[in-house]
Amino acid sequence: MNVTSEKQYSSETPPRVTEALGQSEKFLDFQERLSRVAPVNRPVLLIGERGTGKELAAGRLHYLSNRWHRPFLTLNCSALSPSLIESELFGYEKGAFTGASQRRIGRFEAADGGTLFLDEIGNIPLEVQEKILRVVEYYAFERVGSPDSIDIDVRIIAATNADLKALAASNRFKLDLLDRLSFEVLIVPPLRERSEDILLLANYFAGRMAVELGWEEIPEFSPEAVKALEHYNWPGNIRELKNVVERAVYRSDSLKIGDIIFDPFRSPYQSQEPELPTDSPGTKGLSTDQIDPIDKSMKKAVWDLKIQMLESALAKSKFNQKKAAKILGLTYHQFRGLYRQYKEMKNEE
Ligand SMILES: Nc1ncnc2c1ncn2[C@@H]1O[C@H](COP(=O)(O)OP(=O)(O)OP(=O)(O)O)[C@@H](O)[C@H]1O
Ligand SMILES: [Mg+2]
């Protein structure tokens, strides 16, 4: 009988464990909690925005546990359809469904003795959640198309960016599974909350990129670039920082990196002048070339005033963007919109 082996899921060489860098208090607290729970044989739930390092943290939880020499497998639940999630997790018997031409073991069986990382767990359908709950409670499951129960010893680490409590409240996530998985909940801090780490990480990624490009010296960021990196909000967190830095390094002609491009999609053909709101008096229903030149100069005057106020609020708040938004009487979201336009203008200069 052709049973898919554990090898199918694990690589020949052990995975490269990336060093998790950071020296901010929030990051160190997080790492401390992670190291403490790693050897405790219970599920852990990692919650964090995209690109914060959830997968990296899951790997560390495994390699710092007593299961480190056993398999560490991952299933990204957002990448698969509901029926595929079930057969990927639990495997299937020959003939279980059309196309099941041979028996195949699933991730749970392949991870026996080790750790299974369920990424984007909020996307798991309810029927499959029921089956996972049984594994967590009774260490047993059945392959799809088989009545036989298989005993298993797998530690589950789950990750999500979704609000699982809200999903549970609207019956889209099983509350009893959530209770079991949340033995320990680790919240990965977003990069904007650990701004002390931005430069450390930026220099690390820049150095690695330089080595990859075969440069003989390690590049440095100009003071303006440092300021730009430190003041950006990093919605895509560390993954975005890595991309931005690597792009800046490879594009640079010198070892002093000055040009930081946050948005690679920004078109050089777009007008840099900010648009007036479409419902502003006098412009309704008119195309740009129908607007009187006097309106255009007014537009520029309004823009200059906005910039003046923005710069003064940033100075007063010592570059704390939340405080600056408050000084200006803007919501943080409105402030970010204005700030982005401002940064683009500065980058153009
Ligand atoms: N503390 C850190 N030090 C160095 N690199 C890090 C750190 N945290 C994350 N990274 C790197 O940032 C990138 C994103 O990390 P990871 O894939 O673990 O994030 P994620 O939270 O799982 O993202 P997503 O939600 O998009 O799946 C990876 O290249 C990872 O190696
Ligand atoms: Mg991930």
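In this predicted model, a nitrogen atom of ligand 1 lies 3.5 Å from a polar backbone atom of Glu19, and a nitrogen atom of ligand 1 is also found 2.8 Å from a polar backbone atom of Leu21. Taken on its own, ligand 1 has 630 Å² of accessible area, of which the protein covers 85%.

The shell that provides this surrounding can be described residue by residue. There are 18 residues around ligand 1, and those that come nearest are Leu21, Gly51, Lys54, Leu56 and Arg239. At least two residues of the shell are supplied by each of three helices, namely α2 (54–63), α8 (196–212) and α10 (237–251).

Another part of the structure concerns the packing of two helices. Helix α12, spanning residues 321–328, packs against helix α13, spanning residues 332–348, at an angle of about 100°, and their axes are 9 Å apart. Because angles of 65 to 115 degrees count as roughly perpendicular, α12 is described as roughly perpendicular to α13. On the α12 side, the contact is made by Gln321, Lys322, Ala324, Ala325 and Leu328, while α13 contributes Tyr332, Phe335, Arg336 and Tyr339. The residues of this contact comprise six nonpolar, one polar and two charged.

Terms used. Residues are numbered from 1 along each chain as its sequence is written. Chains are lettered from A and ligands numbered from 1 in the order in which they are written. This is a predicted model: local features need pLDDT of at least 70, side-chain atom pairs count only at pLDDT 80 or more; totals for chains, interfaces and linings use all residues. Side-chain values use heavy atoms; hydrogens and water are left out. Axes are lines fitted to C-alpha atoms, for helices over the stretch in contact, and angles run from 0 to 180 degrees between N-to-C directions. Helices (H or I, at least four residues) and strands (E, at least two) are DSSP runs, numbered from the N terminus. Angles under 35 degrees count as roughly parallel, over 145 as roughly antiparallel, 65 to 115 as roughly perpendicular and the rest as oblique. Contact means heavy atoms within 4.5 Å. Ala, Val, Leu, Ile, Met, Phe, Trp, Tyr, Cys and Pro count as nonpolar, Asp, Glu, Lys and Arg as charged, and the others, Gly among them, as polar. A residue is near a molecule or strand if one of its heavy atoms lies within 4 Å of it. A polar contact is a pair of N or O atoms within 3.5 Å; within protein, one must be able to donate a hydrogen and the other to accept it, and residues adjacent in sequence count only if both atoms are side-chain atoms. Accessible areas come from the Shrake-Rupley method with a 1.4 Å probe; for residues, only the protein chains shown count as cover.
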